[in-house]
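Trainee: I would be grateful for a close look at one part of this model. Please take me through the pocket and then its surroundings.

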Amino acid sequence: LNDIYQGLDPIAFSLGPLVVRWYGLAYVLGFVCAAAIIYFVAKRWKLGMSEDNLLTLMVCAIVGLVLGARIGYVLFYGDGYYLSHPLEILAFNQGGMSFHGGLRNSRASSAPSTARTSAATPCSTRASATWNA
């Protein structure tokens, strides 16, 4: 299995100067699946989450995840390289994303948007009453 993995080309396809990698496609597929699950669960449980609230939540989570993953990579795996090349921190096309940095920051960036958008839902008063009891 390791031989198959090592033999894979990291580039899924390219259109001129645009290069799409498998890792990027996995991110996009994960974001789409997360949005679909949140939408259908909110609809089934009648949480009152609008498409606008879902979009706000997903944009905050995506931006937080990508920035957190990059910052995590720079801090944990950069070995001082980025201290002498600070503009390279923004070079997302050169690779370098950290799962734990992305997870931590996506949760941190989603929390304010969740608090802001859930204030208008009927469940927020019930949930806060339950948690405060």
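**The largest pocket and the neighbouring topics**

Mentor: In this predicted model, the lining of the largest pocket consists of 12 nonpolar, 5 polar and 1 charged residues. That lining is made up of 18 residues, and those nearest the centre of the pocket are R21, Y23, G24, F92 and M97. Two elements, β2 (18-21) and α2 (22-44), each give two or more residues to the lining. The most is given by α2, which contributes 7 residues. The space inside the largest pocket comes to about 560 Å³. As for how such a space is found, rolling a probe the size of a water molecule over the atoms shows where empty space is left.

The helix α2 also leads us to the largest nonpolar core. This core has 7 residues, namely Y27, F31, A35, L54, M58, L65 and A69. At least two of its residues are supplied by α2, and at least two by α3. The largest share, 4 residues, comes from α3. One member, A35, is in contact with L54 and M58, when its neighbours within four places in sequence are left aside.

The relative accessibility of T56 is 18%, and buried means under 20%, so T56 counts as buried. Not counting residues up to four places away in sequence, T56 touches S113, R116 and T117.

Terms used. Residues numbered from 1 in each chain as written. Predicted model: local features only at pLDDT ≥ 70, side-chain atom pairs only at ≥ 80, totals over all residues. Heavy atoms only, no water. Buried < 20%, exposed > 50% of the residue type's maximum accessible area, 1.4 Å probe, protein only. Contact = heavy atoms within 4.5 Å. 1 Å grid on protein atoms, 1.4 Å probe; cavity = no way out; pocket = protein on both sides within 12 Å on 5 of 7 lines; lining within 4 Å. Points joined across faces, edges and corners; volume = space filled by probe spheres on them. Nonpolar A, V, L, I, M, F, W, Y, C, P; charged D, E, K, R; others polar. Core = buried A, V, L, I, M, F, W, Y, C linked by side-chain atoms within 4.5 Å.
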